[in-house]
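Please look through the structure below before reading my notes.

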Amino acid sequence: MATVPVCIRTSPALIRRLCPPRRPDSHKGDYGRILIVAGAEGFTGAPVLAARAALRAGTGLIFTAVPRAVYPIVAGKLDAPMVLPLPDDGAGKLSCAALPELLARLETADACLLGPGLGRSAELDRLVAAVIDACRCPLILDADGINAVAAHRDRLRGAACPLILTPHEGEFRRLWPEPETSRLQGAMALARETGAVVLRKGHETLITDGQRSYVNRTGNPGMATGGSGDALAGILLALLGQGAKPLEAAAAAAWLHGRAGDRAAARRGQYGLAPGDLIEALPRLLP
């Protein structure tokens, strides 16, 4: 009889271990230098929410790379995170001409998030592939970062950096169309196939590296709204940038995201809950 995989339940203990009280002599360089590559014309909220979430989760230095066409909008909404205008394709999406700047930034980044609100194009597919090949720090592929490689997931196996995939159910199905006996079995199979940590979003989010697995039971239906996943990606990026290992960072991020959403829903109600509400609830969950 096949062994049933065991899931560890996410808990506040994981947060206490990954986010200890800060030293009195700390400075911003001690808490991560992260790079967010996100956004396109019509999708300016994604980089803003990810950057704001990363800031509230304790990141020291945040660089947010966006297409030049949307730079004024994104820069106008962010103050502490630095916003980098990069070449676009004339249609409001990043072009491959942005690669030299992105690769230079990756050399000094402690972690990178690639994909929220990027949009789709053949040029973006090439850009995402080039970043995966060049990156050496932990790399989160989210949203359109996942869509760009969904038809070529074999590329992920060859990555030289720690990879974290954060698909919702539709994105997961594009990455892993094979039959599965359970959500956990499918997530573990994808993790083993790609060598990545998989954070499979949804009711009872699953986090696995193919061997060890976590299940997250925080969160509520009010979080089923556009932008919630961008906030989760930003929290995860912040933890990675501060040195947490990918599997534990993903499990902790899922717990923080859901618990912040629960606190925000208790105050706002589920129907009126917005991603910004849960981002503002984050600081009270951390030291």
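This is a predicted model: local features need pLDDT of at least 70, side-chain atom pairs count only at pLDDT 80 or more; totals for chains, interfaces and linings use all residues.

1. An unreviewed UniProt entry places the feature "domain: YjeF C-terminal" at residues 11-287. That span is 43% helix and 14% strand.

2. Strands 2 and 3. Strand 2 (residues 33-37) and strand 3 (residues 61-67) run parallel and are joined by five bridges. Within this pair, L35 stands opposite F63 in strand 3.

3. The cavity. Rolling a probe the size of a water molecule over the atoms shows where empty space is left. How many cavities of 30 Å³ or more does a search of the whole structure find? The search finds one. The largest cavity holds about 50 Å³ of space. Its lining consists of R33, I34, L35, F63, R105, T108 and A109. Strand 2 gives the largest share of that lining, with three residues. The reader can find L35 and F63 here again, the two residues that stand opposite each other in point 3.

4. The recorded binding site. UniProt, again in an unreviewed entry, places the feature "binding site" at K201, G202, H203, E204, T205 and G229. These residues are spread over 29 residues of sequence, yet they cluster in space, with a largest C-alpha distance of 14.3 Å. The lining of the largest pocket includes K201, G202, H203, E204, T205 and G229.

5. K201, from that site. Is K201 buried or exposed? K201 counts as buried because its relative accessibility is 14%, and the cut-off for buried is under 20%. K201 is found in the loop between strand 8 (197-200) and strand 9 (205-208). Leaving aside neighbours within four places in sequence, K201 is in contact with D142, T166, P167, H168, E169, R183, G229 and L232. One of these, G229, also belongs to the recorded site.

6. E204, in that loop. E204 also has its place in the loop between strand 8 and strand 9. With a relative accessible area of 30%, E204 is partly exposed. Not counting residues up to four places away in sequence, E204 touches R183, V215, N216 and R217. R183 is also among the contacts of K201.

7. P275 and helix 12. P275 is found in helix 12 (residues 275-281). At 10% relative accessibility, P275 counts as buried. Apart from neighbours within four places in sequence, its contacts are L49, T225, G226, G227 and S228. P275 and A109 are 166 residues apart along the chain, and their C-alpha atoms are separated by 26 Å. A109 is one of the residues that line the largest cavity.

Key:
Residues are numbered from 1 along each chain as its sequence is written. Side-chain values use heavy atoms; hydrogens and water are left out. UniProt positions are given in the numbering used here, feature names are shortened, and annotations may be inferred rather than shown by experiment. On a 1 Å grid over the protein atoms alone, a cavity is a set of points where a 1.4 Å probe fits but cannot get out, and a pocket is an open set with protein on both sides within 12 Å along at least five of seven lines; lining residues have an atom within 4 Å of a point. Helices (H or I, at least four residues) and strands (E, at least two) are DSSP runs, numbered from the N terminus. Buried means under 20% relative accessible area, exposed over 50%, partly exposed in between (1.4 Å probe, protein chains only). Contact means heavy atoms within 4.5 Å. Two strands pair if DSSP finds at least two bridges between them. Grid points are joined across faces, edges and corners, and a volume is the space filled by probe spheres set on the points.
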